[in-house]
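Please read the numbered points beside the sequence and the model.

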Amino acid sequence: MSEMIWIISGSHPLLPFTQECYQCKMAMCLSEPPASTLELFNLSPSNMVLVPAWSIRIAFVIVPALICTFIPSSRINDGICDCCDTTDEYNSGAKCENTCKELGLKERDVLQKMAEITKEGFLLKQQLIEEAKKGREEKQGKVTDMQENKKQLDEKVEALRTVKETAEQPEKEAKERHLKAWEEQKAAIRLEKDKAKMAEAFLELDDNADGFVSVSELQSHAELDLDADGTLTETEVQGLMGGAAQVDTSTFESVWTNIKDKYHSESQPEEPAPVETPPDEVKEPVVDNDSEPYPEDDISEEEEEDDDDEDDYHEDDDKVPPNVKTPEKSHEDGEAMLPYDPDTQALIDAAQKARDDFEESEKALREMDNQIRNIEKELSFDFGPDAEFIYLYSQCYELTTSEYIYRLCPFNRVSQKPKYGGSETNLGTWGSWSGPENNKYLVMKYEHGTGCWQGPNRSTTVKLTCGKETVVTSTSEPSRCEYLMEFTTPAVCQEPANMDLSPHGHEEL
């Protein structure tokens, strides 16, 4: 008679396999279904099917933690005990010891601990769901209220914009009048200074003090050379003097117009010509052709952070500085502008107050827009069927290894940083849920991280398992630039089945 083997048929809540896998993966080396096995797994004889051993090529045995051990048919009756109840050596004469009781106790202890964790985790999950429901309702209500307030703030900003523009128009006109008066005053001052310089130059040029400047007296100033040949000829001087042999103070004004740009006063020392210094020799770096720098494996995140910083809004960038009552400097001669008259200053103060009020309201409007946008972004995420994963949002969890500090920020990014200093590397930004069809919320996918040297961009797969605590338990790199994280959270704990794992007289498997 051929050997017969009992296999489990149908589904069972304790076994983490689909129904199809029970029949192929849970074949048991049992000559008959013992009562203890039926009790341990809450099975009935109808769950067991007796099939010929030759009908399956490989038999299996249940070991602790429900891990299946493959037993080829060549190892049946080979003198080595594989099954805990010794039934694989039923005809070899081997003296096998039945260890099913010990294994059963260990397995039951493991299952009890797993059941306790699942039960406590599921209770925590229910609390998370209640908190998430309450939090979402509060956020939705807050967005509704903020949108109402935003309408009123929009109207206030537009009203203050009108007030500001109305106040700025008379301010602009008053400042223009003041500037025009100041420009006219400066022109008069410049004219007086020019006349003083002209009178001084006339006295300097009139060497014999006869009240006239002659051709020969003017010819002594070589800096007035017109053709820059180093010599001021009599013809050139006559040209500067309008063909006259000499001029008095009344007619010197026309000569002064021709020479004032080049004329050097004798009372002021002539500035020495700048000494030309030879340019520094640029030394070219010595290149060692025998060695080439090895490119960095990691592309630094600092550049990305710099880009982010440039996008940040700076409140002071577009703020109009308040008008200062102290005199302003003239760009041309450094002279201080006269203070504004009281009426003009009053208009400036009124316009500045209107600008401040407008900018304050506009800033409040921008902040409200940002708050609404951030809350709506948060509400748009898929946080699970009952929003049980929402508590992970805006949180980060770290795991420190011997070399790196790994940081997981759910729904944001994953990063890696050397433990003893160095730049941070982006291992991926939030992509999507990527679990199996029956429960996509068991796996997170983070993509488009920092590029590897001559390789793809880094990415991370995060596998979620049931646990009482929220913690990153392990990290690995199964493939180059592809990382794997194990993450426990109560949010994935499922409602446990009503199972009684207590002994019922039998303790063996």
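1. Histidine 221 touches Leu205, Leu232, Tyr263, His264 and Glu266, leaving aside residues up to four places away in sequence; contact means heavy atoms within 4.5 Å. Histidine 221 sits in the loop between α4 (215–219) and α5 (234–240), where helices (H or I, at least four residues) and strands (E, at least two) are DSSP runs numbered from the N terminus. Its relative accessibility is 6%, so histidine 221 counts as buried (buried is under 20% relative accessible area, exposed over 50%, partly exposed in between, with a 1.4 Å probe and protein chains only).

2. On the basis of the note: this is a predicted model, in which local features need pLDDT of at least 70 and side-chain atom pairs count only at pLDDT 80 or more, while totals for chains, interfaces and linings use all residues. Residues are numbered from 1 along each chain as its sequence is written, and side-chain values use heavy atoms, with hydrogens and water left out.

3. Aspartate 88 lies in the loop between β4 (67–72) and α3. With 1% relative accessibility, aspartate 88 counts as buried. Its contacts, again not counting residues up to four places away in sequence, include Arg75, Asn77 and Cys83. From aspartate 88 to aspartate 78 the C-alpha distance is 8.6 Å, and the two are 10 residues apart in sequence.

4. Helix α3 (residues 100–205) and helix α6 (residues 252–259) have axes that come within 11 Å and cross at roughly 100 degrees. This makes α3 roughly perpendicular to α6 (65 to 115 degrees; under 35 is roughly parallel, over 145 roughly antiparallel and the rest oblique). Axes are lines fitted to C-alpha atoms, for helices over the stretch in contact, and angles run from 0 to 180 degrees between N-to-C directions. The residues that meet include Asp194 and Phe202 in α3, and Phe252 and Trp256 in α6.

5. The whole structure has 17 salt bridges, each a side-chain nitrogen of Lys or Arg within 4 Å of a carboxyl oxygen of Asp or Glu. In one of them, lysine 260 pairs with aspartate 194, with the closest N and O atoms 3.7 Å apart. Lysine 260 is in the loop between α6 and α7 (302–311) and aspartate 194 in helix α3, so the pair ties together parts 66 residues apart in sequence.

6. Glutamate 398 and arginine 407 also form a salt bridge, their closest N and O atoms being 2.7 Å apart. Lys164, Glu168, Glu171 and Arg355 are linked in a network of salt bridges.
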